[in-house]
Amino acid sequence: MPDESQGLPLDSPAGYRLGKAAGRMAVAAQKLSVTEKVGYSMADAAANFVFMTMILFQKNFYTDVFGLTAMAASAILLFPRLWDAVADPIVGVLADRTNTRWGKFRPWILFTAVPWAVIMILAYTAPSGGSMTTLIIYAAVTNTLLMSIYSMNNMPYAALGGVMTGDVHERAKLNSYRFVAVNVAQFIVGGFTLPLVAKFAAQHAAGGAVQVADTQYGWRITMTIWAVVCLVLFLMTFLTTRERIVPPPQQKSNVREDFADLRRNSPWKIMFAMTLFHFCILSFRGGALYDYYQHYADKAALYDWVSSLHLNLTQPPLAPGEKPTGFVDGVLGYVVHADRSNLAGSNVAGVAYSIINMINTATTILFIILTASFAKRFGKKTVAVTGFGLATLTSLSFYLLSPTNIWGMVALTVLTAIVYAPTIALVWAIYADVADYSEWKTGRRFTGMVFATIGFALKSGLALGAASELWVLKGFFHYDTKLPDAIEAVQGYRVCSSLLVGGLFAVCTILLMCYPLGKRLTIQMADELAERRRRFATA
């Protein structure tokens, strides 16, 4: 086998130079239009209506709205996501062997769109009148179905980005578009889900005190709206994208050989481990920060901070039967109807956390636009290592904040978004480079398998992150879902959202430092692969 600096050799030095030039011409022919880049990004925006709801709210939805115990909720979060992780390689094998007039991966996006919308609504609908056993079974089944349809849609979608173009710079641009759209979706989910739930719950209560059944209604209506949005976005992606890269014509389908080649792929091994820890961060931090703002941050300080923004958020409590009015209050639910001296049952923490989520996402969108230019100048690896390293420091700093230092929380949120944003799209562009590396070294391309096994690590990380937060809180801080404001539990929220998150970011930084594909080798691979594809096409 050729060494890593050579790949599969070309015929001669002169032939190499000629092939390199021809390869670059072939790559240049794979420029993507703005319409296709935007269209591609829509499906991942849709996926994030499920993904970010899962990251930010699912744990608390099961404990606070469904009424499950911490252990039951952790099991429902863990096992369906582990199944989802196992499902990804299965879907990858099937997608790699799918051959239609629409390509290998686009049909999966089309035919899972309607089931996705239906199951998404069911997963956030709490059945009434059932026993605890019934609730656990219902939650487990619907969450497993949701994770399964997520794999069947999002894994082929991720692989689609690797076959739309072979140009490494176009891939970076494509993923920049993708993650701008992703962060717009995250902005909407993080900023509007809780206020909309509260708004619909208040309407259902018809002027009375909001009960659990009203909150359940609020979740069902909100998720129905998000599901319709998802359906439209999936169809847009299917209609606007095109697959251009196909496996070498002499390649034979062999699952065993696919796995054997992966085991010899050192970049894949490192990115597999890094992805496991990276997505463990996302689900762990999402649940921890929700608890941090709900129970650690001082509610009076949150009230004062929200009032200082002059967003018409200092209204008196609504009178019985009185309905919210105006766009901010009546449509979005962005008004705290409570007295500062009695905030215990108010929505002040939910409104403040939603606004901070929106600030975080808006900052991310602004700085994610710089991804392609940073990658072109410094290389994907350098930008990723720097971003994760700095995010380690900003995350650890959260531990130093007092409960009343709301502006400090906002400042660290913004700093983390600034340093982390450029890494988001680059990580997914790196996965496509890993698929290129396999083809470059072995002459065989199995994009679906690469993304599916990375998906296995991703889903395993999400499962472990969500469940492990509950394990840590229960095991070290004696967390009880009926006593969420206990002193030990509040200290647990503080530790989980800062020290443990920072430690996980540090692990990712070390793994990325070990990743072997730098800027120069990545460009060499792209040139040589483009020349090989040109030869196949000519033949």
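User: Which residues does Asn153 touch, not counting residues up to four places away in sequence?

Analyst: Happy to walk through that. A word on the model: it is predicted, so local features need pLDDT of at least 70 and side-chain atom pairs count only at pLDDT 80 or more, while totals for chains, interfaces and linings use all residues. Residues are numbered from 1 along each chain as its sequence is written, and side-chain values use heavy atoms, with hydrogens and water left out. Contact means heavy atoms within 4.5 Å. By that rule, Asn153 touches Trp108, Ile109, Thr112, Trp116 and Phe234.

User: How far apart are the C-alpha atoms of Asn153 and Phe234?

Analyst: The separation is 9.2 Å, for two residues 81 apart along the chain.

User: Is Asn153 buried or exposed?

Analyst: Buried means under 20% relative accessible area, exposed over 50%, and partly exposed in between, using a 1.4 Å probe and protein chains only. Asn153 counts as buried because its relative accessibility is 0%. Its place is in helix α7 (residues 132-163); helices are DSSP runs of H or I, at least four residues, numbered from the N terminus.

User: What covers the buried residues of α6?

Analyst: Those buried residues are Ala113, Trp116, Ala117, Ile119, Met120 and Ala123, in a helix spanning residues 113-123. The cover includes α2 (34-56), α3 (58-65), α5 (106-111), α7 and α9 (212-240). Residues three or four places apart in an α-helix point the same way, because there are 3.6 residues a turn.

User: How many helices does the chain have?

Analyst: There are 20 helices and 0 strands. Of the 539 residues, 59% count as buried.

How values were computed. Helices (H or I, at least four residues) and strands (E, at least two) are DSSP runs, numbered from the N terminus.
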